[in-house]
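Let us walk through this structure one step at a time.

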Amino acid sequence: MIAENMRVVEERICAACRRAGRAREEVRLVCVSKTKPVSLLCEAYNAGGRLFGENRVQELMDKQPQLPGNIEWHMIGHLQKNKAKYLIGRAAMIHSVDSAPLAETISRLAVQAGTVMPVLIEVNAAGEETKFGISPENAETLVRELAVLPGIRVKGLMTIAPFTENPESNRRYFRLLRQLSIDIKRKSIDNIKINELSMGMTGDYEVAIEEGATLIRVGTGIFGER
Ligand SMILES: *Cc1c(COP(=O)(O)O)cnc(C)c1O
């Protein structure tokens, strides 16, 4: 079942890339495996999945040692400062940095460990009260604050679009994120090279690809309902 789901998702990614005139290699699929048992993650791995996303630190720590070492693990969920230490050396990227204090914590821990942590700035593009993320207006300021921190490298922006039955209704939020990244790039901030746009989930990843996503985060479409 997982292999078949992966095949369908892959086909749709290819079709969306074709529509957008983009190369397939520009888009990476994050298999969002939260709440799913290791046996299903193995199926996804055997079907070619090499990039997994978890939204809880503990779950990532539990699963990682049970799976092959050539998997890249991304933290995609809200992160508390006191859990950040567990991600150093485990997560290849943190998608959910939305405050300077959190970034400072990651920075300090990474420096202590002698590594650099790639991060994305989570932007609350639709201004939903229930969602984490910095407002689009404040994103550039946060990028500037993070640019001077050692041990942390801002790679791009991430957003969680509203839940909707109609993916077209989220196109404007994906456009907003992409425009925001272009605007920030134009500022040529020292130390900052933002090339990643993490946007699009099961319901709307094709629209997100059309609007420039480089990382799509697909859970239900691969692993079924949670
Ligand atoms: C759960 C989750 C996803 C995947 O959602 P689906 O709709 O199941 O594809 C993507 N991004 C984040 C941040 C999530 O928490």
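This is a predicted model. Around the ligand sits a shell of residues that divides into five nonpolar, three polar and three charged. Who are they? The ligand is surrounded by V32, K34, I76, I160, M201, T202, R217, V218, G219, T220 and R226. Find these residues in the sequence, then pick them out in the 3D view.

Now look at single atoms. With G219, the backbone is involved instead. One of its backbone N or O atoms lies 2.8 Å from an oxygen atom of the ligand. How much of the ligand does the protein cover? On its own, the ligand has 390 Å² of accessible area, and the protein covers 90% of that.

Next, step back to the space itself. The ligand takes up the largest pocket. The volume of this pocket is about 590 Å³. It is lined by 25 residues, and the closest to its centre are K34, I160, A161, M201 and R226. By class, the lining of the largest pocket has nine nonpolar, ten polar and six charged residues.

Finally, move to the second largest pocket. About 230 Å³ of space lies there. Which residues are closest to its centre? They are E10, R24, L29, G48 and G49, out of 13 lining residues. Two elements each give two or more residues to this lining: α1 (2–20) and β1 (28–32). Sorted by class, the lining of the second largest pocket has six nonpolar, two polar and five charged residues.

Note on methods:
Residues numbered from 1 in each chain as written. Predicted model: local features only at pLDDT ≥ 70, side-chain atom pairs only at ≥ 80, totals over all residues. Heavy atoms only, no water. Near = heavy atom within 4 Å. Polar contact = N/O pair within 3.5 Å; in protein donor to acceptor, adjacent residues only side chain to side chain. Areas by Shrake-Rupley, 256 points an atom, 1.4 Å probe, with all protein chains shown as cover. 1 Å grid on protein atoms, 1.4 Å probe; cavity = no way out; pocket = protein on both sides within 12 Å on 5 of 7 lines; lining within 4 Å. Sits in = over half its atoms within 2 Å of the grid points. Nonpolar A, V, L, I, M, F, W, Y, C, P; charged D, E, K, R; others polar. Points joined across faces, edges and corners; volume = space filled by probe spheres on them. Helix = DSSP H or I, 4+ residues; strand = E, 2+ residues; numbered from the N terminus.
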